[in-house]
Amino acid sequence: MASDRPTHPIGRPVVHHDVVCPFCGLGCDDLTVEEEPPSTLAVRSTDCPVARERFSHTPVAEPPRVAGVPVPLAEAVEAAAALLGAAQAPLVAGLGTDVDGARAALSLAERLGAVVDHALSDGLYRNLAVLQRTGWIATTLAELRNRCDLLLVAGPDPAALHPRLFERWVAPAPAFQTPPSREVVFLCGEPLDTTRAVLSGLPVTVLPGDPARTGDAAAALAAALADPSRAAGAAGIGAGDIAALAERLRTARYAVVAWGAAAFAGPHADLTVERLVGLVRDANRHTRCAGLPLAGHDNIVGVNQVCTWRFGVPLRTSLAGGTPRHDPHRFDWARYAAVADVVVWVSSFRPEVPAFPADTTVVALAPPGTAFADEPAVFIPVGTPGIDHPAHVFRSDTVVALRGRGLIDRGLPGVAAVLKAIAAALPQEAPAC
Amino acid sequence: MLTKLAGGRIYDPANGHDGAVGDLFLQDGRIVADPGPGAAPDEVHDLTGRVVMAGAIDIHSHIAGGKVNIARLLMAEEHRMAAQEPCGCVGLATPSTHATGCRYAQMGYTAAFEPAMLPSNARHAHLEMADIPLIDTGGYLVLGNDDLLLELLASGAGEEAVADYVGFMLNATRSLAVKAVNPGGINAFKYNQRRLDVDENGPFHAITPRRILTALAGAVQRLGIPHPLHLHGFNLGVPGNVEATLDSIVAVDGLRLHLTHVQFHAYGAEGDRKFSSAAARVAEAVNRRPNISVDVGQIMFGQTVTASADTMAQMGNAGLAHPKKWVMMDIECDAGCGVVPFRYRDKAFVNALQWAIGLELFLLIEDPWRIFLTTDHPNGAPFTSYPELIRLLMDRDHRLARMAELHPALPEHTILGSLTREYSLGEIATMTRAAPARILGLTDRGHLGPGAVADITVYTDRPDRHAMFETPDLVFKDGRLIVRDGVVVAFLQGRTHVVEPAYDPKIESWMARRFDERMGQRLTHFRIAEEEIRGGNGLVRHACQPGAF
């Protein structure tokens, strides 16, 4: 909101309070951000490395480029439209953008008959594959904070990707449980030092185990629920530890099993998720238990929500054939990039664009200062949602959408505006129903 | 531009027209009075012999929000099959936003309301509803399992404080009405209770469902919200649940109450199969009490998916999932969601009786102003089955023929065969246009009088009512022709209907503390700004009248 933007007192930093952080999907909305005119931002209220790093990356605007040559925005838009109009197998991906940017990207993709995917959808797909195959029992962050008396963290510490998870959602005592107690168990993963520090007031158990065999540990736990005395060891964790944890799960009032699927290594990591989901389901025969599948950087959850409501199917979908065709294997952007002739890559949250095969024509929308392995055919610098313009982003738990506000004005266009302009420059077609 | 719709048979129950021939004039998106013989319309549609009604309004259809997207994800099979079709969006249980708007408009509907918007998910629901083309939308806010309300009640707060809380929540989430889903039950499920009786204290907060129900009905009355409390009752789908349904009617003690998808709450536990129709008992209670309205939630046979905030009930149904997969979610200390795919089979006794119970309710409840045509989309069936449902109501022979194809034991368990009532066109117009607008407080919709928004549907009067209502000849939205002969000919954006009841803002400081301490979210960020709804364009506010109802 432009009206929210404080005017600059001469020579003094402007302080923005209660800023929404759009980056990792935890939905922190309590940031204090200092603005050093003209456009330098510094997060003052938290040590979160994601927030600190991302908010501090606000170089001044630079002009768009076509074939490496600086041009006005209108010219870059025309050039992009010309390249896209001739595309045979276009890919619209990256999709690091807010809800409005996603709407514009998906509309453009529909117009082009393109394949759509998000840069970070590997982790999301490990979760969605299981949701689509078997369903699950899940929960949200405020339920975790207020009701959970036993948190089981499966696999590598998700705080590596979601730094304030424990501080904001686990360290406070549960408000809606009697007694208001909580304990935390790390299974097949060790807490980071920062996590240990945040949880210093809570009982924490670490069962290190083999992270690559987190699924085995989940299966052993599930098997032990009916009769913990018959527990077997798994993933390097002894039978006694599995039995004790199974017993603890059975007697918990509201257990939460959390995982960050992006951190699961190896092929078919969705099978790890499936076993965790199975453990949660089985635990509900005895008490209440719910999963917390984390995946959320760069608004991937929000972009997937928009895609699902727009087309009835999630990302990794081809819009080439009239009706959307979803195929999580075939339309994975990393695979499809090998055959795509033109790629529209959107990355407004981070100055990173992957390398594409040499004969691929790339139209890149990314922050100023983005380094490219190969100069793209068209580069249009864009603002960052929640920094340069108001933006809707979703939290990782898929339920809560937040609206970040614009903090600074670097004169950068938003993704939605650029993609709408490109779509408008294409030959028009009547929309079908 | 002046448009004349000439010589149609006008069914406009709100203004006393029951098929009399007349003209309508449209200007600037509204219906205007006959400008007199000197006026020269820019456009004239000759509607001689055609049936003209206001655009239809669906008061209960799950069209947007988190559970709808989960249902879409879970129903991957139907989308895979749809991708084989030339136009893959026909009749899906989980259509895209685009298909939702198109299919509604193609059936002559110009508004549909999402009846289960969770406070924490309201922003999502609004973002999604804005992507539904052609029709107006709005959401009913789910309250009654929110820990904050239960805390407030447990603290002994009076009616005024409860009304302030509800008033704040409706404003903050840009909602049109209040919905209660199994009040107290969803919260209890989070403490592993799989059942909660109406007079049983729930866990932790120690509040009874009856107390929650009466508190919310009272708050709605106090705030003067046009739509009565929209209640998804107790023990959904459980044989014998009629007792709790009748109890709810008594509990509100004369306050207005809307019982939604009442078919799922009109079950007895009698007979050889311990599952029986209690439609007659519900209908009798509704007929006697003008403060009660219902929508039916008719089931139709085929594959669909059930999506509800009622995790307690849905967990109980999860074993019946078809295909065998389901999702439950505990949500953000305000409710939950349960998504269970389901196939209603016409040869299954239980499903056949559900079908009959729904039709019995339609035919036994006398006042078409207080009963609404819904399938609780997609829970009973996709909304695209409305034309067939209308035919079942209007055509007894068709009804009997269909009944004969169902489970053979059905006839001895239902009085449906003996019910001779056939709905008239005027009654259909009441039930799907005039009455929904009136019960939602949409004063300039659902009728065809001067000043009304020019949302109009024109049909050819066919004996096959299914065919008639499936493919209207013309549909106007805001005075623009959007559908001709069942084909969408123009796209436009609908509007979002809301109420903004007055409340004492003192409640906000208590809530702001609670949000900081519990929800990990600032209250200021929870509140949805006007410019967030359709980019600031398209909010329609409806007046609240404290004490008027």
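Which ring does the charged end of Arg273(B) sit over? Have a look at chain B while you think about that one. In this model, which is a predicted one, the ring belongs to Phe349(B), and the charged end of Arg273(B) is 4.4 Å from its centre. Chain A has an example too: there, the charged end of Arg145(A) sits over the ring of Trp169(A), at 6.0 Å from the ring centre.

Let's stay with rings for a moment. Searching the whole structure, over all chains, turns up 20 aromatic pairs. One of them is Phe515(B) with Phe526(B): the ring centres are 4.9 Å apart, and because the planes meet at 50°, this pair counts as tilted. The two partners are 11 residues apart, with Phe515(B) in helix α17 (residues 507-519) and Phe526(B) in helix α18 (residues 523-526) of chain B. Are they buried or exposed? Phe515(B) has 4% relative accessibility, so it is buried. Phe526(B), at 7%, is buried as well, because the cut-off is under 20%.

Aromatic residues can also gather in a group. In chain B, Tyr104(B), Tyr109(B), Phe383(B) and Tyr386(B) make up one aromatic cluster.

Now, over to the strands of chain A. Here you can trace an open sheet of nine strands with mixed pairing, in the order β5-β4-β18-β17-β16-β6-β7-β14-β15. At its edges are β5 (69-70) and β15 (325-326), each pairing on one side only. Further in, β17 (residues 361-366) and β18 (residues 378-381) run parallel, joined by four bridges.

Technical notes:
Residues are numbered from 1 along each chain as its sequence is written. Chains are lettered from A and ligands numbered from 1 in the order in which they are written. This is a predicted model: local features need pLDDT of at least 70, side-chain atom pairs count only at pLDDT 80 or more; totals for chains, interfaces and linings use all residues. Side-chain values use heavy atoms; hydrogens and water are left out. Two strands pair if DSSP finds at least two bridges between them. Helices (H or I, at least four residues) and strands (E, at least two) are DSSP runs, numbered from the N terminus. Rings of Phe, Tyr and Trp (its six-membered ring) pair if their centres lie within 6.5 Å; planes under 30 degrees apart count as stacked, over 60 as edge-to-face and the rest as tilted. Buried means under 20% relative accessible area, exposed over 50%, partly exposed in between (1.4 Å probe, protein chains only). A charge sits over a ring if NZ of Lys or CZ of Arg is within 6 Å of the ring centre and within 35 degrees of the ring normal.
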